[in-house]
Amino acid sequence: NKRIKIKKLLENDHIGQDATIMGWVRTKRSNKNVTFIAINDGSTINNYQVVADPALIDEDILKKVTTGACLKINGRIVASQGAGQQAEISASSIEVLGEADTETYPLQPKKHSLEFLREIAHLRIRTNTFGAVFRVRHALAFAVHKYFNDKGFFYIHTPIITSSDAEGAGETFKVTVLDIKNPPLTEEGKINFKEDFFEKETNLTVSGQLEGELAAMGLAEIYTFGPTFRAENSNTARHLAEFWMIEPEMAFYDAQDNQDLAEDFLKFVISYALENCKDDLEFLDKRAAEEETTKKADQRSEMGLIDRLKFVVENEFQRITYTEAIDILRNSNHNKKKKFQYLVESWGVDLQSEHERYLVEKHFNKPVILTDYPKDIKAFYMRQNDDGKTVAAMDILFPGIGEIVGGSQREERLDYLTKRMEEMNIPTEEMWWYLDTRRFGSTPHAGFGLGFERLVLFVTGMGNIRDVIAFPRTPGHAEF
Ligand code: 4AD
Ligand code: MG
């Protein structure tokens, strides 16, 4: 296979060389002397121009060169006469690998709404927008591994099937066994699922944290990066039923170290995308700017996408406690809505996304690390502070996104942890393996979870989390 990727062709001067390119037709235009074909092969947002001389290329073949068709082109790279590009390929032969009927192929060259494209998730990967999003997503995933590898963290694969519910949210997907050939049926003829394969009820993991903690107690600094599942029926632009989470867990780290790591890590992966995804981010920046013009004036963001990313990388995150945040909200005249008032009356309630947005987008105008939440709105494993009311939690809030990271220093003291679990009705006998880490060689440790899709959402400037994962899983959507 002599195929040259378009990205490679655009990097160096190949003029005078013979080349073979393969890809999908974006557009075709012809005059009586010549046909121009814009072709894209996925390696870059940029198309490559193919020049087909009707004297060399059969008319029947050119007829089949329609938007969406897949082609193999042999030819010579020549300097381009046109203004759009420096070089182009002058075709000596064109093979149509796969046709795309103009009448039925849904992605004709015009602007399609994201809602429409979501219905055809199997084809939307061929568009400029989704090509850019998934190349950026790849770069971010690579940057995650690079960051931790360079710091000496070890990548741990935690189980997908588990019998624990780390977050205690109770919104898990149950795992059941089905004998396909011989499905047991109930009296009504419905399938009767067996639930005894593991001799225990099991579910898809909501977080790899607890297993991550076990690993950190031997390898000291680890991270996970895997799929997690939550059956929450929240039909929002920020929630998926299946999302990818990155969860570092570090022995010998306190809450402060945890915050420092999270901030440094986020800045690294965003910088990595800025440096390595220039073309895609420029495209997405223009796209986001167009989108802004459709919003109401007071909801438009003042900064463009790339400027926003640079701003986050170059400025310190704001660090405040939950109690300070409540004070800020209490003293803000910004909003007289009921929800706001309810909150300011009562220390101890969780912040609504409206409050988070106010802090991040109106008050501080930068990412915020919110710490030391009331213990009753946070998970059992968070380290209890000396005040008896709060825990060493941290949430990181991003403009336009809300919560992007959740984490904490962990409760390493066996007696405190056991007592808290009892208070929260978490069975201590079943979690004997978790408590063993506190029985044997316990040490202060901390960690956090970054929702990968929320990061991709922020970096690509897309508005809906369904548009940054190739095949989103949301209530009612699991076909492809
Ligand atoms: O705040 P969460 O629930 O924290 C945990 O799961 C901890 N065990 C993490 C840890 O300390 N190791 O989830 C962490 C992050 C959130 O901040 C959010 O970015 C993302 O995961 N997240 C979701 N992303 C998409 N869809 C959902 N339904 C999400 N739920 C959480
Ligand atoms: Mg959270």
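Guide: Start with the place where two helices touch: Lys-267, Ile-270, Ser-271 and Leu-274 in helix 7 meet Leu-309, Lys-310, Val-312 and Val-313 in helix 9. By class, this contact of helix 7 with helix 9 is made up of five nonpolar residues, one polar and two charged. The model is a predicted one. Two packed helices are described by the angle between their axes and the distance between those axes. Here helix 7 covers residues 255-276 and helix 9 covers residues 305-314, and they pack at an angle of about 140° with their axes 9 Å apart. The crossing of helix 7 past helix 9 is left-handed.

Next comes the sheet. Strands of a sheet pair through backbone hydrogen bonds, and the pairing is either parallel or antiparallel. This chain has an open sheet of eight strands, in the order 6-10-11-16-15-14-13-12, and its pairing is mixed. Strand 6 and strand 12 (318-321) stand at the edges with a single partner strand each, so one side of each has no neighbour in the sheet.

Strand 6 (residues 154-155) pairs with strand 10 (residues 221-229) in the parallel sense, over two bridges. Within that pair, Phe-154 stands opposite Ile-222 of strand 10. Strand 10 in turn runs antiparallel to strand 11 (residues 242-251), and nine bridges join them. One of the residue pairs there is Gly-226 with its bridge partner Met-245 in strand 11. Strand 11 then pairs with strand 16 in the antiparallel sense, over five bridges. Ile-246 has Leu-450 of strand 16 as its bridge partner.

Strand 11, strand 15 (402-409), strand 16 (445-451) and helix 15 (452-460) each supply at least two residues of the shell around the ligand. Strand 15 gives the largest share, five residues. Of the 22 residues around ligand 1, those that come nearest are Ser-207, Gln-209, Gly-406, Gly-449 and Gly-451. Sorted by class, the shell has seven nonpolar, eight polar and seven charged residues.

To place these parts in the whole chain, turn to the domain assignment, which gives domain 1 (6-106) and domain 2 (128-171 + 206-467). Four residues of domain 1 and six residues of domain 2 take part in the contact between them. On the side of domain 1 that touches domain 2, one residue is nonpolar, three are polar and none is charged. The C-alpha centres of domain 1 and domain 2 lie 45 Å apart.

Strand 1 (residues 18-30) and strand 2 (residues 35-40) pair in the antiparallel sense over six bridges, and a hairpin of four residues joins strand 1 to strand 2. In this pair, Trp-24 has Asn-40 of strand 2 as its bridge partner. Strand 2 also pairs with strand 3 (residues 48-52), again in the antiparallel sense and over five bridges. There Phe-36 stands opposite Val-51 of strand 3.

Note on methods. Residues numbered from 1 in each chain as written. Chains lettered and ligands numbered in written order. Predicted model: local features only at pLDDT ≥ 70, side-chain atom pairs only at ≥ 80, totals over all residues. Pairing = 2+ DSSP bridges. Near = placed C-beta within 6 Å. Nonpolar A, V, L, I, M, F, W, Y, C, P; charged D, E, K, R; others polar. Domains from an automatic or database assignment. Contact = placed C-beta atoms within 7 Å. Axes fitted to C-alpha atoms, helices over the stretch in contact; angles between N-to-C directions. Left-handed = near helix turned anticlockwise from the far one by under 90°.
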